[in-house]
There are 2 protein chains.
Amino acid sequence: MKKIEKLSENTHYSAVNMGSLNDLKDYALIHPVNKRLIEGKVFLKNATNATGTEISFNSLPPQSEQPYFHIHRKNEETYIIIKGFGFFQVDEDCFNIREGSVIRVAPQGKRGIRNSSDEAMIYMVIQSKENSLEEHTTADGERVPVEPKWR
Amino acid sequence: MKKIEKLSENTHYSAVNMGSLNDLKDYALIHPVNKRLIEGKVFLKNATNATGTEISFNSLPPQSEQPYFHIHRKNEETYIIIKGFGFFQVDEDCFNIREGSVIRVAPQGKRGIRNSSDEAMIYMVIQSKENSLEEHTTADGERVPVEPKWR
């Protein structure tokens, strides 16, 4: 079973390598609630000590779908399709998705995803608490003078 | 200038297409503070009506770097490298990054990124408010019975 490698860590950051996106299929985990084996999925929160998001990368086999729809309690989810194409459904709406599709789903949305392509679909899911973001885009950032060490 | 296409929208979701990742270089925006033109960057929060994250996709030209380091006030950032390789620096630490590298940076971390490869580096940045996530992983989700419309 594939594992995330630690890359570097210090007071203000944690860096890891999850490896090539084509190898995501080699990750697996035991679902903490129903104890089923889930293949092709890796979560990043614990590995990176994240405090504002839970991000997963997923590899969905050709011509397959997530086995069940789900909702959330507090968290918004954003799905981003990196490779492959198929369908996404929220409540009664079902639509085509492909590389570059981005779907933000509110906690109450009943969501499901299908890969209709003949290659693995690579997609990511970003969980964050609904309505938690205050400042954003460039408004929260500030330039600082630093001499890059790569020069 | 490339624009995000609306895909579908309803009470519980917003879906868009940002297009092929290789075409991210065709996006551009005017930085709201310093009014400079920034090429190869697209923000997703407004397009998807997200409330917990600001996500950007970025295309950094071959052998180039972000022109300045920055910090944040309230937001944690997670950088994910989708294609290419180079360097990432936080404070005094500089390390190699490549496809599949994930770096979580606390607001105070002084961060910069360089693409050392001969192709565009594709990476994404996810902003969320530090310490905002409460439930996560599978603990926040709940299965619901839905008949997929794609069948």
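## Terms and model

Two strands are taken to pair if DSSP finds at least two bridges between them, and strands themselves are DSSP runs (E, at least two residues), numbered from the N terminus. This is a predicted model, in which local features need pLDDT of at least 70 and side-chain atom pairs count only at pLDDT 80 or more, while totals for chains, interfaces and linings use all residues. Residues are numbered from 1 along each chain as its sequence is written, chains are lettered from A in the order in which they are written, and side-chain values use heavy atoms, with hydrogens and water left out.

## Strands across the contact

Strand β8 (residues 69–72) of chain A runs antiparallel to strand β15 (residues 141–144) of chain B, and four bridges join them. Within this pairing, A:H70 stands opposite B:R143 in β15(B).

## Relation of the two chains

## The shared surface

The contact (heavy atoms within 4.5 Å) takes 97 residues from chain A and 97 residues from chain B. Because 100% of the interface residues of chain A are also interface residues in chain B, the copies meet through the same surface.

Between chain A and chain B there are eight salt bridges, each a side-chain nitrogen of Lys or Arg within 4 Å of a carboxyl oxygen of Asp or Glu. One of the salt bridges links B:R151 with A:E65, whose closest N and O atoms are 2.4 Å apart.
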